[in-house]
Amino acid sequence: MSSPPPPAPIASSSSSSSSSSSSSSSSSSWFDYPWRWSSWCWWSTTPPPPPPSDSCPAPRIVVIGGSFAGVNVINRLLDSPLGMTADITLIEERTHWYVTLGALRSIVDARTANAVWAPYSNLFASPLRRRRPAALGRVVRARVAAVHKSHVVLAGDDDDDDGDHGARRTIDYDYLVVATGVRAPAPGQSQFLSRDEGLAEARRVRERLGACRSVAVVGGGSVGIELVGEIATELPHLRVHLITGGPTVLANATHILPATIAAATARLARLPNVSLHTGHRVDRDSLSPRCLDVGYDVDLPPSHSLVRSLAGLEVAVDAVFLATGTSAPNSEFLDALLDDEDNDDDDDDDVGHAAATAAAAAGAAEEEDVGRGDAAPAAKAKKSFAVRDPRGFVRTRPTAQLLRHDRIFALGDVSDLDSYKAAVIIPKQATVVANNIVALVAAADAAAAAKAAAAAEAAETGADAAPRPPPPPPVLQSYEPSTYALMIVPIGRYGGVSQLPFGLVFGDWVTWLAKSATLLLPMQWALVNHKVPW
């Protein structure tokens, strides 16, 4: 199908705020090096591709989602042999990258709030890539409405929930990467699409917390523990109640050692203004509608100022934050691929409904600290399991490719590539995705070059060319899921708990050195070639 020209790139983010404009392009910061070690070997192990030609045009790569996973994939691709030739488009709905590693501290610290919104303006403009044509990289601010086998459909300005659609635009692709993550309660994620709105809300929350006397955090996982630590250490006048339905904190976390749980409990006990309530699932009726909808409420009405548990606990608070670990993948737009399969009269999915249902049942349940009703989501059609599992996660092969789509990849929290969801595994997944795209492009170029050579030989001799052996299939890398949890949980600015490989558990000093001091924000800003505005 013919498609209109690509949408206009997003304007430079440097004009949106004084802090962004003061951020200059960063050269090769040492913070960036560890994330690129695995990509440097490409130059010695993978031959560089031929320059684009009529028979081997430049590959068009579209990445949906500009958070940690999407930005890492783009960096891997730019550092690969495709870095000088691939036409890469990032589609992101937000004006800036919302760096979730600093999200929890941003509601109590203004400097961190300013640093969790990183601009995309230098994503393709690193000094190390000066020879790369500027026209081969762009950021398009839009929401994806549907994904088809050869193009992405962007939502129009007038799209609404009733099915009415405005003028829609399309972007063609040769290779697609889905890195859209999951929807989770704020403040772990932001419900705002622009930096200015996000900063204004963070400022409002800080002012309200300054006037509060007590706060409840519902959820005893890593997010709940970190949020309690940030509030309790930055605002010592507040009484902070941590309420969890499990027998201990981190009770439902994956691959967590008992020593890690004991260390986290002991660290929380050293905070004089923290009260830990275990074994209490909160009654949903005691939470305000805004809290259930957004994830927090710092303007509690009198009718919801008393948080109650199903076991009889009652806590009077001025604000409530949900950190229950509940999330929903951003993957609905992939359902359009099913229509493409129906139109092509493809065979039934080789995995099947029974296997997909069994895989979903075997998945570990998220932590459930809020009592819920017994309503279940509507059953999905059998064929929908070919793209997404019953929980909405994108089903992938070990190569990160979708089950029935070789040129579409998914990674990060939105995919089922790894049941362990953490930022620390994203660089490894991004390397697999980028390496496999490089291999597929090299194989496609070799096949196109062989076909062009055969055609040229036939034209020169005037006879049919002798049959040639087909080029070997590409050798793709497989991702190996994590067998351990590398977890670093800050509890305040100066400490926390770290679980490292080989069963090593450390406390404040190691956690401060590894994460608590900066929350790794300089490293994240280096990925978009900016310096953090501190």
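This is a predicted model: local features need pLDDT of at least 70, side-chain atom pairs count only at pLDDT 80 or more; totals for chains, interfaces and linings use all residues.
A residue is called buried when its relative accessible area is under 20%, exposed when it is over 50%, and partly exposed in between (1.4 Å probe, protein chains only).

Residues are numbered from 1 along each chain as its sequence is written, and side-chain values use heavy atoms, leaving out hydrogens and water.

**The whole protein**

Start with a cartoon view, where 15 helices and 23 strands are there to find. Helices (H or I, at least four residues) and strands (E, at least two) are DSSP runs, numbered from the N terminus.

**Stop 1: Arg-60 and Asp-174**

The structure holds 16 salt bridges. A salt bridge is a side-chain nitrogen of Lys or Arg within 4 Å of a carboxyl oxygen of Asp or Glu. Select Arg-60 and Asp-174, whose side chains meet in one of them at 3.0 Å, N to O. Arg-60 lies in strand β1 (residues 60-64) and Asp-174 in the loop between β8 (169-172) and β9 (175-178), so the pair ties together parts 114 residues apart in sequence. Arg-60 is partly exposed, at 34% relative accessible area, and Asp-174 is partly exposed too, at 22%.

**Stop 2: Asp-87 and Arg-138**

Next, select Asp-87 and Arg-138, a salt bridge with its closest N and O atoms 2.7 Å apart. Asp-87 sits in strand β2 (residues 87-92) and Arg-138 in strand β5 (residues 137-141), so this pair links parts 51 residues apart in sequence. Are these two residues buried or exposed? Both Asp-87 and Arg-138 are buried.

**Stop 3: Asp-299 and Arg-204**

Now show the side chains of Asp-299 and Arg-204, which meet in a salt bridge (2.5 Å, N to O). Asp-299 is in the loop between β14 (296-297) and β15 (306-308), while Arg-204 is in helix α7 (residues 195-211), so the pair ties together parts 95 residues apart in sequence.

**Stop 4: Arg-388**

Finish at Arg-388, in the loop between α12 (352-362) and β19 (401-402). With 9% relative accessibility, Arg-388 counts as buried. A polar contact is a pair of N or O atoms within 3.5 Å; within protein, one must be able to donate a hydrogen and the other to accept it, and residues adjacent in sequence count only if both atoms are side-chain atoms. The Arg-388 side chain makes such a contact with the side chain of Ser-331 at 3.0 Å, and with that of Asp-335 at 3.0 Å.
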